[in-house]
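Hi,

Here is the structure I promised to pass on to you. Have a look at it first, and then read on for what I found.

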Amino acid sequence: KAGVTQTPRYLIKTRGQQVTLSCSPISGHRSVSWYQQTPGQGLQFLFEYFSETQRNKGNFPGRFSGRQFSNSRSEMNVSTLELGDSALYLCASSPTTRGGETQYFGPGTRLLVL
Amino acid sequence: QKEVEQDPGPLSVPEGAIVSLNCTYSNSAFQYFMWYRQYSRKGPELLMYTYSSGNKEDGRFTAQVDKSSKYISLFIRDSQPSDSATYLCASSTDSWGKLQFGAGTQVVVTP
């Protein structure tokens, strides 16, 4: 079974621009979560989507948004980029079976904001 | 204060030694406990997953959860240089959604 895929893998943007990152979950997984990883803050939860609905949200400003499509693929968008948004953005998928499997991560998209 | 605390290391051990990693957590509602391994510039890879308290063994890896003391551990037996990576503990109230991660411990296994 193919793993979680994320595109693009690397991205360079300038301050003030916006960016859209894409995530395709493991086949059959319906929950998709997004995390930001930086050397200073570690892995931080952004938001989680299930059946096209945002179910959980972390403590990030409104510039960070996401959505999920009917095929469970997800995108996240960051508007008005700031230097501090430079990070590894990770997507994770889960089948959401209570007591079953947990989250599996993709390789991430490395974003550099200049 | 973070909900999951983990010593960032680095932890250096000789090849063949036992690697002992641990985390503490503060949220009593956590029911799911995970250990992920992350190589440089890669995404985290799930190593062990435990629901509630107890021990779980998978090959050279053993995970332990003690909910009474809010302590989670990972042991790696017969460590290899290929085990050199950052190990992240994570906890959550559900098997999906928001994972709370520790800072990650960098492990270096020297030949």
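Searching the whole of this predicted model turns up 8 salt bridges over all chains, a salt bridge being a side-chain nitrogen of Lys or Arg within 4 Å of a carboxyl oxygen of Asp or Glu. Before the details, some housekeeping: residues are numbered from 1 along each chain as its sequence is written, and chains are lettered from A and ligands numbered from 1 in the order in which they are written. As this is a predicted model, local features need pLDDT of at least 70 and side-chain atom pairs count only at pLDDT 80 or more, while totals for chains, interfaces and linings use all residues; side-chain values use heavy atoms, with hydrogens and water left out.

**Salt bridges in chain A**

A:Glu82 and A:Arg63 form a salt bridge through their side chains, at 3.6 Å from N to O. The two partners come from distant parts of the chain, 19 residues apart: A:Glu82 is in the loop between β8 (74-78) and β9 (87-94) of chain A, and A:Arg63 is in the loop between β6 (53-57) and β7 (64-68) of chain A. Strands here are DSSP runs (E, at least two residues), as helices are (H or I, at least four), numbered from the N terminus. For exposure, buried means under 20% relative accessible area, exposed means over 50%, and partly exposed is in between (1.4 Å probe, protein chains only). A:Glu82 counts as partly exposed because its relative accessibility is 42%, whereas A:Arg63, at 16%, counts as buried.

A:Arg63 also meets A:Asp85 in a salt bridge, with 2.8 Å from N to O. A:Asp85 sits in the loop between β8 and β9 of chain A and A:Arg63 in the loop between β6 and β7 of chain A, so this pair ties together parts that are 22 residues apart in sequence. Both A:Asp85 and A:Arg63 are buried.

**Chain B, and a network in chain A**

In chain B, take a look at the salt bridge between B:Asp83 and B:Arg60, whose closest N and O atoms are 2.9 Å apart. Here too, distant parts of the chain are linked: B:Asp83 is in the loop between β8 (71-76) and β9 (85-92) of chain B, and B:Arg60 is in the loop between β6 (54-58) and β7 (61-66) of chain B, 23 residues apart. B:Asp83 has 1% relative accessibility and so counts as buried; B:Arg60, at 26%, counts as partly exposed. Back in chain A, salt bridges that share partners join A:Arg63, A:Glu82 and A:Asp85 into one network.

**Where the chains meet**

Contact (heavy atoms within 4.5 Å) between the two chains takes 26 residues from chain A and 19 residues from chain B. Together, chain A and chain B bury about 1900 Å², 53% of it on carbon and sulfur atoms; buried area is the accessible area (1.4 Å probe) that two parts lose on being put together, summed over both. A:Leu43, A:Thr102 and A:Phe105 supply 27% of the area that chain A buries against chain B, more than any other three residues.

How many salt bridges cross the interface of chain A and chain B? The rule finds 0 there. On the side of chain A that touches chain B, β4 (31-38), β5 (42-50), β6, β9 and β10 (104-105) of chain A each supply at least two residues. β4(A) gives the most to that side, with 4 residues.

**Strand β9 of chain A**

β9(A) is mostly covered, with 8 of its 8 residues buried. A:Ala87, A:Tyr89, A:Cys91 and A:Ser93 point one way from β9(A), and A:Leu88, A:Leu90, A:Ala92 and A:Ser94 point the other way.

Strands pair if DSSP finds at least two bridges between them. β9(A) pairs with β4(A) in the antiparallel sense over 7 bridges, and A:Val32 stands opposite A:Ser93. With β10(A), the pairing is antiparallel over 2 bridges, and A:Tyr104 is the bridge partner of A:Ser93 there. Strand β11 (residues 109-113) of chain A runs antiparallel to β9(A), joined by 3 bridges; in β11(A), A:Thr109 is the bridge partner of A:Tyr89.

**One residue in chain B**

B:Leu88 has its place in strand β9 of chain B and counts as buried because its relative accessibility is 2%. Leaving aside neighbours within four places in sequence, B:Leu88 is in contact with residues including B:Trp35, B:Phe101 and, from the other chain, A:Leu43.

Best wishes
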